[in-house]
Amino acid sequence: MARAATPAIAALISSGVAHTVLQYHHDPRSDSFGEEAVEELARDGVVADQIFKTLVVSLPSGLGVAVLPVPAKLSLKAAAAALGSPKATMADPAAAQRATGYVVGGISPLGQRKALPTVIDASALQWDRVLCSAGKRGLDVSLDPRDLVRLTNAAVADIRAI
């Protein structure tokens with residue numbers, strides 16, 4: 001694998017952020033991308049709540065990004081509020097792919113084609129390292145959550161549904 005296999009990895013390298021790329025087997029028949037990552041990475045001692053999924057939401061002003069633990073459900077109301085919007089819905093997958101430059105199941109909060117307003121769930125800050133997509137199915141990156149917040153210029157809020 002090339003050193004900067006994806007735009008997300010290239011963004012981490014160019015910013016000088018310490019990170020580790022983790023590769024795992026992706027079954028092309030699977031469409032439960034987050035659950036697959038948890039199942040595969042848990043074998044290496046990673047806790048499910050440490051692995052974050054990247055969801056693209058549609059706001060009246062355009063698209064936004066919500067990053068939260070894989071096992072959690074997104075509160076669209078909380079995400080909208082954190083992004084300064086009156087409401088949010090899940091974005092059309094094709095629109096999410098066009099805006100980010102990544103395929104669904106491999107959308108990273110880093111290195112997106114167009115930097116979208118981002119909110120990261122506050123639980124990320126309880127970890128020394130969090131994992132998120134490195135921009136390709138079967139590829140995650142481990143980094144300090146504060147670096148993730150800084151690089152994505154993200155708001156931090158509790159965006160999990162209760």
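Start at the largest pocket: select F33, K53, T54, L55 and G105, which lie nearest its centre among the 31 residues that line it. A pocket here is an open set of points on a 1 Å grid over the protein atoms alone, where a 1.4 Å probe fits, with protein on both sides within 12 Å along at least five of seven lines; lining residues have an atom within 4 Å of a point. The space in this pocket is about 570 Å³, taken as the volume filled by probe spheres set on the points.

The model is predicted: local features need pLDDT of at least 70, side-chain atom pairs count only at pLDDT 80 or more, and totals for chains, interfaces and linings use all residues. Residues are numbered from 1 along each chain as its sequence is written, and side-chain values use heavy atoms, with hydrogens and water left out.

Next, colour the elements that each supply at least two residues of the pocket lining: helix 2 (33-41), strand 2, helix 4, strand 6 and strand 7. Helices (H or I, at least four residues) and strands (E, at least two) are DSSP runs, numbered from the N terminus.

Zoom in on strand 6 and strand 7 (residues 139-143), which are joined by five bridges. Select V130 with its bridge partner L143, then C132 with its partner V141. Two residues lie between the strands in this hairpin, where G138 takes a positive phi near 85 degrees.

Now select L63, L110, I120, V141, L143 and L148, the residues that touch the most other members of the largest nonpolar core, which has 29 residues. Such a core is a set of buried Ala, Val, Leu, Ile, Met, Phe, Trp, Tyr and Cys residues joined through side-chain atoms within 4.5 Å.

Finish on L148. Leaving out residues up to four places away in sequence, L148 touches P109, L110, I120, V130, C132 and L143, with contact meaning heavy atoms within 4.5 Å.

Conventions
Pairing = 2+ DSSP bridges. Buried < 20%, exposed > 50% of the residue type's maximum accessible area, 1.4 Å probe, protein only.
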